[in-house]
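Please read the following briefing alongside the sequence and the coordinates. It is arranged by topic, with the cut-offs given where each term comes up.

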Amino acid sequence: RESDHRAWTPVSYTVTRQNATVQGLTEGKAYFFRIAAENIIGMGPFTETTKEIVIRDPITVPDRPEDLEVKAVTKNSVTLTWNPPKYNGGSDITMYVLESRLIGKEKFHKVTKEKMLDRKYTIEGLKEGDTYEYRVSACNIVGQGKPSFCTKPITCKDEIAPPSIDLDFRDKLIVRVGEAFSLTGRYSGKPAPKVTWLKDDIVVKENDRTKIKTTPTTLCLGILKSVREDSGKYCVTVENSTGSRKGFCQVNVVDRPSPPVGPVIFDEVHKNHMVVSWKPPLDDGGSEITNYIIEKKDAHRDVWMPVTSATVKTTCKIPKLLEGREYQVRIYAENLYGISDPLISDEMKAKDRFRVPDAPEQPIIKDVTKDSAVVVWNKPYDGGKPITNYIVEKKETMATRWVRVTKDPIFPSTQFKVPDLLEGCQYEFRVSAENEIGIGDPSPPSKPIFARDPIAKPSPPVNPEAVDKTKNSVDLSWQPPRHDGNGKIIGYLVEYQKVGDEEWKKANLTADSCPETKYKVTGLTEGLTYKFRVKAVNAAGESEPAYVPDPVEVKDRLEPPELILDANMAREQHVKAGDTLRLSAVIKGVPFPKVSWKKEDHEVSPKADIEVTGVGSKLEIRNTVHEDGGIYSLTVENPAGSKTVSVKVVVLDKPGPPRNLQVSEVRSDSCYLTWMEPEDDGGSVITNYVVERKDVASAQWVAISSTSKKRSHMAKYLMEGTQYLFRVAAENQFGRGPYVETTKPIKAIDPLHPPGPPKNLHHVDVDKTEVSLVWNRPDRDGGAEITGYLVEYQEDGADEWTKFQTVPMLDCVVTGL
C-alpha cells in the first residue's frame, strides 16, 4: 500500500520462492509491503515492513567526466575545463578530484586539496619545461567514480600568439546623417589582447549614441543616429605583449550643406542688372558643393523666379531687371545629398548706382572784405560714391574765363575763404563736386559781389538823456553806438517833437554839425513839453533813432538831489584784501549838488581817491586792508534838499590770531590744548584751525592737526621729559591768519602727587636719649623720585608732633629725647 493510503493492494497470490518482484510502482512514492504464508488449510498472518520504502533507482558512483580540455598553458600554470559525467550515479555530484602525473612517473597525484565543484581549474606553481598529463574524477554520496580519459602530455611553457585582426569594414565609409553605423571584426592572440577604439587620435567613450562591445573573439563599435561631428578617422588597436595590430576606417557622415554665409553683397547695381556675391557655407555637409541655385523676386510680389542653378562660383549676375523696382535675391547651396536652406538678401532697387556728383545749388557769398570772400554751398547728391573734393572757381563779372581759387583739395568743409581778391573788382563764384567717378557739373554762378570792406548803417546811439534845461533850451547827452557798421561815424542828427504833434523837427540839418555826443537844442517854447531823439550817421546812412526816455518840460528848474546807485553801492560790498575798493553813484540835481563821503561819521582815510564829475562821484581805495572795512556814506546836497546812501564794506581777509591759548592735562605723552576763536574772522567763516608743536631744542615746527573745526585738540605722541611749544592759527577761505603761541614751554611729564606713606616703620635700638629707626620705601612715589623722608616724634599724651630731621636714606637715629 502507498504510505498515505490505508488500503492494501495484492501483488501475487502464488509465490513459492522467498522473494518477489513488485512492479508497477511510481518513482518517488513511498510504500509499505506485507507477506503472508499459505497452505491448504489457509493463509497465515501477515508480516509487515517496519518503515516505508521510497521507490528510486539504485545509487552507484558517477560515470567518468567528459571533454577534459586544456584551455591555457603558461610556463608555471595549466588551466583545464571539463563537462560533468553523462550519469551522476543517481546522486548529485559533490566534488571533482583532479589528478596529474609527471611523464616518466607511474603514480597520479591529487592536485586539488579543497572540495571543488567548479569545472574549471588552474594548476599553478608548476616547473617550466615539465610535462604532465591530467585526469579528473567525479564524486557523489556513494564515492569516487572512474577517472576521465587522460589529457595529452602538456609541457609547461608560455603560449604566445601575436594579435591578428579580421575586419568587416573598408578604409572608407559614407553614412547619411541620422543613420546608424557599426564597425565590426574578429581578433585573436595569446595572451588575450586589449582592444582600444580611437577617433582622430582621441579615445572613444561610450554615451547614449556610442556603444562599444568586445567579446574574447569579436569587436564592435556602433553609433546610433549619426551626426556630422561623428565624421573622422576611426582606429581600432588590438594589442598584447607580443605586439599590436591596427585597423582604420575614414567615416564621413554626410548631409545637405548649411546655408551660404551672408550678407549678400551687391557688388554692382544697375538699372537692368545687378552683380551679387556671397560666401560659401560654413559646413559643406561632408561633400563638395556641386552648385548654387540663385533666384530673384520683385520685393512687392510673392513669386521667386530662377536665375541659374548651375554655378559653383560665389558671385552671380542677376539680369532682366526693371528700372526702379526693388528686388530680393535668395541663394541655395547643393551637394550630392541635398539642397541647403536659403540665404535671402535685403531689398535693392534696380537703378544706375554710381555717377559723378550733381551740381551744387547756387553758392552764397558772405564776409566780403577788400581782398577776400567766403563761399558757402550745400552738399549735393554724391552720385552713389562719396564726394572726395570740391572745386571752387571765380571770375570777374565782365570776364569769360573761370579760374580755380586753389589747387589744394577742399573737403569735407562746404565753405571756403577765397583769398587774393583785387579791391574794388566785381566777382562771381561757382562750385563743382568730385568723386572717384569724376567731376560733376558746376553750380549756377553766385550773385556778383564787390571786393571791398562792407559798411552797414550804424546801430542807434546809446542812453540819450536830457542832462539840463532852461526856459528855452534843453541839453542832451548820449554815448556812441555799439556798432559803427565798419564805417566812421560822421556825426549825429538830433530831432525833437512837441508832445501831441506827429511831426519830428530837426534841431541840426547835417550830421557833421554835431560831431560830439552832446547837443544843445535851442529855440524851444517855455512851458511846453518836448520829446527828443538822436540818430548816428556814417557813409551807409542813418541809424535807427534812440529816444530820450521821458518827455522834457522846458523851464528853469530846481531839482533836489537824486542818487542812482551803481552795483558796487549795494547794501553790502565784499572786497578781498589787496584788491581795489570802488564805490560810485550817478548824481542828479539842479544845481549840481555838493558831494561828501564819510566813513563811520568820520572823514574818509587819506588813501582814498575821491572823484566828483558833473554826473556822479567815485571813491576808490587801492590795496585794501581789513581796517578799510566799515560803513561808508555818500551825501549829496543842494538848495532843493539832500540825500544820503550808505554801504557796508567788508574787506575779506585772513582771520586774526586765536585767543587765550591754554595747555592742560599734561601727561608724559600728551597734553590738551584749548583756545577761543579770533576776535576778527576776516569777514568769512573760519573753516579750520592749524595746530603745530615744536621741540624747544628744534627750529622746526611740526603740524599735528590742520583740519579740525573744534577749538580744542589733544596733542598726542609726545616724548616724555621733552619740552614743547605749541601754536595755533585760524584759516578761512582767504588764507591762514597769524599764530598764537604758548608763552612758556610745556614739559611732557605725568602730573606729580605726594608719595605714599613709608612702610614697616620700627625701631632697632633704644638708648636712654635716642632711638634708632628703620622703614621701607612707600608703594608709590607720586610720579617723581623721592628726595627724602621727614622724621617727626611726639611725646606720649601730647597733641603736637615735633619735626626732627629730613633724611635721604631709609633709617634715622632720633637723638635728644
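This is a predicted model: local features need pLDDT of at least 70, side-chain atom pairs count only at pLDDT 80 or more; totals for chains, interfaces and linings use all residues.

Residues are numbered from 1 along each chain as its sequence is written, and side-chain values use heavy atoms, with hydrogens and water left out.

**Strand pairing**
- Strands here are DSSP runs (E, at least two residues) numbered from the N terminus, and two strands pair if DSSP finds at least two bridges between them.
- Strand β64 (residues 759-766) pairs in the antiparallel sense with strand β65 (residues 771-776) over five bridges, and the two form a hairpin with four residues between them.
- Within this pairing, V766 stands opposite V771 of β65.
- β65 also pairs in the antiparallel sense with strand β68 (residues 811-814), over four bridges, and there S772 has V813 in β68 as its bridge partner.

**Nonpolar core**
- A nonpolar core is a set of buried Ala, Val, Leu, Ile, Met, Phe, Trp, Tyr and Cys residues joined through side-chain atoms within 4.5 Å, where buried means under 20% relative accessible area, exposed over 50% and partly exposed in between (1.4 Å probe, protein chains only).
- The largest such core has 20 residues, of which L583, W597, L619, Y632 and L634 touch the most other members.
- At least two residues of this core come from each of β48 (581-590), β49 (594-599), β52 (616-621), β53 (630-638) and β54 (641-652).

**Surface patch**
- Patches are made of residues with over 30% relative accessible area and no salt bridge, with like charges joined within 9 Å and nonpolar side chains (Val, Leu, Ile, Met, Phe, Trp, Tyr) within 5 Å.
- I59, V61, I141 and V142 form a nonpolar patch on the surface with about 340 Å² of accessible area together, where areas come from the Shrake-Rupley method with a 1.4 Å probe and, for residues, only the protein chains shown count as cover.
- V142 lies in the loop between β10 (131-139) and β11 (154-155), and V142 counts as partly exposed because its relative accessible area is 46%.

**Salt bridges**
- A salt bridge is a side-chain nitrogen of Lys or Arg within 4 Å of a carboxyl oxygen of Asp or Glu, and a search of the whole structure finds 31 of them.
- R430 forms a salt bridge with E393, the closest N and O atoms being 2.7 Å apart; this pair links distant parts of the chain, with R430 in strand β35 (residues 426-434) and E393 in strand β32 (residues 389-396), 37 residues apart.
- Both R430 and E393 are buried.
- R727 forms a salt bridge with E692, with 2.8 Å between the closest N and O atoms, and the pair joins strand β60 (residues 723-732), which holds R727, to strand β57 (residues 688-695), which holds E692, across 35 residues.
- R727 is buried because its relative accessible area is 18%, and E692 is buried because its relative accessible area is 9%.
- Salt bridges that share partners join E495, R533, K535 and E542 into one network.
- In the pair of K535 and E542, the closest N and O atoms are 3.4 Å apart; K535 counts as buried at 12% relative accessibility, whereas E542 counts as partly exposed at 36%.

**A buried tyrosine**
- Y390 is placed in strand β32, and Y390 is buried, with a relative accessible area of 1%.
- Leaving aside neighbours within four places in sequence, Y390 is in contact with residues including W377, P380, F411, P412 and V431.

Conventions
Contact means heavy atoms within 4.5 Å.
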